[in-house]
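Subject: Structure for you to look at

Hello,

Please find the structure below.

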Amino acid sequence: MKKILFVLLLAAMMVPTMAQEKAAYVYRFGNTYMQDGIRMNEREYAGFIKNNSPEAFKMYQNGRRLAVAGWCMLAGGIAMDVIGTSMMVSRFLKISDDEYKKQRIDMADIAPDIYEKGEQYVYDPKSVMTETKNRAQKDGTFVAGEIIESIGATATITSIPLLVVGYLRIHRSADVYNQNVGATPYVTLNAVPRGLGLAVNF
């Protein structure tokens, strides 16, 4: 038993010494990074790998550019969606109102003994809607709204793969750093008040 304890203590003394010869392992969870027990946000992490691993920093920069482009396309796409849809809806309602006024029939013209002029109107809703759609498809403002909305939808869809690939590369840069500098997690044996404790170091 004493021999086993002696071997464990000897290993505990040697492993940290061997680990110190290598760079500390970078561990990521979410957008927070840890290295040698120190937490780093993404900006701090970028500065760290810039000084310690050019290849990892290059991957990080590439991912960051893709992510920024994705966010810009997403914001622009949503804005164009809103603008285009607003143009289409407002113009459609205006055309519909004009068509209703053109097709309505004053009931006073049909039954003057019952209704006064301008008191009540009747119209064919189906006819109004059909003519409104036909006019809208030829209306410049409505068509422009359709084009803007389509461009916005395309930009929004395109932003998704840019964001996914961008953040994957940002996160993978930590793996590239660990591989380049030869950093690996290691286990140490430490004395604690009631015995010995194992610790996994990153």
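At what angle do helix 3 and helix 6 pack, and how far apart are their axes? In this predicted model, the angle between helix 3 and helix 6 is about 160 degrees, and their axes are 5 Å apart. Angles over 145 degrees count as roughly antiparallel, and helix 3 and helix 6 are therefore roughly antiparallel to each other. Their crossing is left-handed.

Next, a residue in helix 3. E99 is located in this helix and is buried, with a relative accessible area of 2%; the cut-off for buried is under 20%. The side chain of E99 makes a polar contact with the side chain of R135, at 3.0 Å. If neighbours within four places in sequence are left aside, E99 is in contact with V128, E131, T132 and R135.

Then there is helix 2, which spans residues 42–52. Its residues E42, Y45, A46, F48 and I49 are buried. These residues cover an arc of only 165 degrees around the axis, which puts them on the same side of helix 2. The face turned away from that buried side carries R43, K50 and N51, which are exposed.

What do the buried residues of helix 2 pack against? Their partners are strand 1 (26–29), strand 2 (32–35) and strand 3 (38–40), together with helix 3 (54–103) and helix 6 (140–181).

Finally, the N-terminal end of helix 2 is capped by N41. A side-chain oxygen of N41 lies 3.1 Å from the backbone nitrogen of R43.

Regards

Technical notes. Residues are numbered from 1 along each chain as its sequence is written. This is a predicted model: local features need pLDDT of at least 70, side-chain atom pairs count only at pLDDT 80 or more; totals for chains, interfaces and linings use all residues. Side-chain values use heavy atoms; hydrogens and water are left out. Buried means under 20% relative accessible area, exposed over 50%, partly exposed in between (1.4 Å probe, protein chains only). Helices (H or I, at least four residues) and strands (E, at least two) are DSSP runs, numbered from the N terminus. The arc is that of the directions from the helix axis to the C-beta atoms. Contact means heavy atoms within 4.5 Å. A polar contact is a pair of N or O atoms within 3.5 Å; within protein, one must be able to donate a hydrogen and the other to accept it, and residues adjacent in sequence count only if both atoms are side-chain atoms. Axes are lines fitted to C-alpha atoms, for helices over the stretch in contact, and angles run from 0 to 180 degrees between N-to-C directions. Angles under 35 degrees count as roughly parallel, over 145 as roughly antiparallel, 65 to 115 as roughly perpendicular and the rest as oblique. A crossing is left-handed if the near helix is turned anticlockwise from the far one by less than a right angle, and right-handed if clockwise.
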